[in-house]
Amino acid sequence: MAKITGWAGKMLRVNLTTGAISTVDTMKYKDFIGGAGIGYKIIFDEVPQGTKAYDEANKVVFGVGPLTGTGAPCSGRTNITSLAPTNPYHAVTDSHMGGNFGAYLKFAGWDGIIVEGASNKPVWLRIENDKVTIEDAAHLWGKGTVETSMLLNEEMGKEACIASIGQAGENLINLSSIVNSVNHSAGGHGGILGAKKLKAIGIIGTQAINIAEGKGKDWVDLNAYMMDEIIGANNQHVVPNTPQPWAEFHDSRSRWTAQTALFWGAAKPPVETGECPPGEKNKVGLRTQKAVFDLGPVAEARTIKMGGCHSCPIRCQSNLEVPELEKYGLTRYAASTCINFSSPGSVMLKGYSDGDPKGEVALITKCLGSRLADDYGIWSNYGQLPRDFKYAYTTGKLKEALPKEEYDSIPWDLVESGDPAFLLEFYRRIALKEGEFSHLGDGPYWLAERWKFDEDYWNGNSLWSKMAYPKHHSNESGAQVGVLVNIMFNRDANSHTHQNMIGAGLPTELLREISGEVWGSPDAFDVPQNYTPMNEYKANFAKWSLDRNFLHDSITLCNWVWPMTVSPSKKRNYRGDTALEAKFFSLATGIETSEAELDLAAERISTLHRALTVKNMKTIDMRNQHDTIPTYVFDVDPDKKPFTPGTVKMDKDDMQLALTMLYKAYGWDEKTGAPTRATLEKLGMKDVADELEGLKLLP
Amino acid sequence: MDTKTNTDNLESEILEGKAKGGVAGSDADIEEVFDKSAAVASFIREQSANHQTTNAEVFLEAPFSLEVEELLALLDELKLEGAYKDIYSIKGEKTIYLFSNQYITHNYANMMVMVEERDLIKLVAETVRYESKTYPRPTDVRLFYRNPFKLSVDIFKAVLKQLKETVDYDDIKETKASNNAVYLYSDKFMDRSHATSLAEWVEVEADQNP
Ligand code: SF4
């Protein structure tokens, strides 16, 4: 048999009820690539219909893919698949974490960990290459993720990577996360590990990951080509955010913040990002000074460096020195990115004490909140948690729901004065399940039922659907394309494929030209905030965005950067290279695979996700039961009409047509949006079709 | 970089170029044209590498000391020579500016020339028109406080006031996001409602949708 390369070749199965540890052959799942794809297949095959997230029968699949740990740019992501406690149907979701966990899992010789059953006492899983043991975790239970990591690193050595849950996961808070290396968090499945009493997983891996025989030079060349010509900054933004001599274009929203006289100011000595034009591959890591992007100019002097995930040259995680955190009992160091910074800021309902949303107090607040959330292991549900808090507070529902004594015990004066110390109360009460307040951590669906929110709650607050998730790059991002991306998942759409293209920073006409080459017509791409009626090319764009997202979560690559639809290279006329995933996959696995073939595998994964959702929800009526669109999308801007400049107000009939076109593009039933037998069989999933037929869930 | 160093380099390159010509033993007239072209291109590239455009008038002075006609002919010649295809010119009000696109893009050079010419009203108006037409997007006025414009807030305010009173630029309009950030757009290329919604997206909504 040919040597397996890319993949490690085996996965770990750990049964916490029996203590049995066994090995599963990865290669029988290779059509599903890895990560999310394999996760869906295992959940589909092995978790009975009707299982709830915290049931013993639920399983958690930690999955990586054939590129994880190989050194391919931005390949350090881990995908976690399980049923979601926030979802009203407990339908399947993924959570994603970066850091080093995924690469270390591969170095230890594993493509994934299937966690099943439930322990009756706290345990942690110790992996040192092939040596895997279930250890007692009594001494870790009740501790935050930071202390858990420290204690396990003392036991295993500092070369171990530790992922753990905090108190929120232990207490079965629905909005809880799994966190590795202090700040790399995956949202939504922490409580499931809590239910299984699995506190942590520690990994030491010392083995090589092989790529295909004799392909070393090709690999190095491909890597150099990508680094020189194709890669941009975070979110594959390909123009700088200020005018620069080398750059033809610029865009103030670009995450390519590097410029002359911008520093990592707390580095010793300070490091100037300077200008980082394409072709200078050793400067790629300086392009994204994300601290100033996320927190404003005040963050520059506090930036120690930009951190990130294994083998990522982009490095979007700001590492900061914030001595003020010591006042709150934390260390002076903070690390985070994006929503993990902005979400705690939104908890401060009355703003900051200095009134400046980009000032010092805001920075301290956001750093404090992000550290507390990651330590307790609380997930913000893409910023929905503070919006729910705001809704409950401003409508008086919170006061109604909480016993008076509890309500009065909350230090509202800290909210009024904009004092960051309020966050200590906010996160602790949720994570430690203190009183009624902690139900904010149930997630929107269960919270709305429990606290009797009015129907208007669902038609605002950035919520997307009763699937209990918020919008995430929806109609404001590519109009129908963004909506179609947002209806697909059972959590917020963590898909950045379309958004990265829209936000790349290039002139619209250029982006339309490139869209024509990728999706069949420039009409796939609208001028932002001035969109046109639905067409088949937009359906192609939406489907491609979804498929690449599923592919990235399976192979694994970071969808906050990939795919490479555009590039910063003027000499390429800003064309990217959408075949790069297939090129790296071919070199890693030795299985020569074209872009179209890999896209077909991605389509298989998307369709399996859909089939699993049908199974979880016990209905084929995806169009009406799952793919719902909030009414505010159609009601926004009352004085404007759809398809006119200056609005992303959508048209109801047009969006139903958009759903039909997307279903058609996937070969799903155009009436219901459920996968058909013919499509499942075409994609090699006859067994899935048979199972759905047995459940009377085939259209 | 100061001009003296440039000139020193230039002199040595002229000498070097002649020496090479001598070795090749070619016709003296052709050799001289070649040398001057090389020297002029080299000077422009050096300036561009230091992020400066070159005012063509510099070549009328020592050490180049070209006559106007000679300079114009030479610049025409540069356009035709493959070796100098990186050298571009932009016509200003009173002079010509030159740059190498190895170091400065055309768009950036345009901005630099407008700054150089100190016609600040035109600078703001043309920049806004370019952005409204090209991207299309309204222009965040903070752009003018940055490189290569670097206007002070007071100067910008004065320029904007005058711009609003200039008939030639009556297509330039102002809009505000809900956080009061000021954006300009040209209504030749953008609808007001479109400009306002894009400004709102950049200023307010994008931050809420990271
Ligand atoms: S871009 Fe950020 S999240 Fe993605 S791999 Fe790099 S560091 Fe990790």
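Student: Is A:Glu603 buried or exposed?
Tutor: In this predicted model, A:Glu603 counts as buried, at 9% relative accessibility.

Student: And which residue does A:Glu603 form a salt bridge with?
Tutor: The partner is A:Lys543, and the closest N and O atoms of the two are 2.9 Å apart.

Student: Where do A:Lys543 and A:Glu603 lie in chain A?
Tutor: A:Lys543 lies in helix α19 (residues 536-555) and A:Glu603 in helix α21 (residues 595-617), so the pair ties together parts that are 60 residues apart in sequence.

Student: Why is A:Lys543 classed as buried?
Tutor: Its relative accessible area is 12%, and buried means under 20%.

Student: Which residues do salt bridges with shared partners join into one network?
Tutor: That network consists of A:Arg677, A:Glu681, A:Lys686, A:Asp690 and A:Glu693.

Student: Changing topic: how are A:Lys404 and A:Asp408 placed in helix α12?
Tutor: Both belong to that helix, which spans residues 404-409 of chain A, and they are four residues apart, about one turn of the helix.

Student: What is the relative accessibility of A:Lys404, and what is that of A:Asp408?
Tutor: A:Lys404 is exposed at 64%, whereas A:Asp408 is partly exposed at 46%.

Student: What is the N to O distance for A:Asp218 and A:Lys215?
Tutor: The salt bridge between those side chains has a distance of 4.0 Å. A:Asp218 is partly exposed at 37% relative accessibility, and A:Lys215 is also partly exposed, at 30%.

Student: How many salt bridges are there over all chains?
Tutor: A search of the whole structure gives 65.

Technical notes:
Residues numbered from 1 in each chain as written. Chains lettered and ligands numbered in written order. Predicted model: local features only at pLDDT ≥ 70, side-chain atom pairs only at ≥ 80, totals over all residues. Heavy atoms only, no water. Buried < 20%, exposed > 50% of the residue type's maximum accessible area, 1.4 Å probe, protein only. Helix = DSSP H or I, 4+ residues; strand = E, 2+ residues; numbered from the N terminus.
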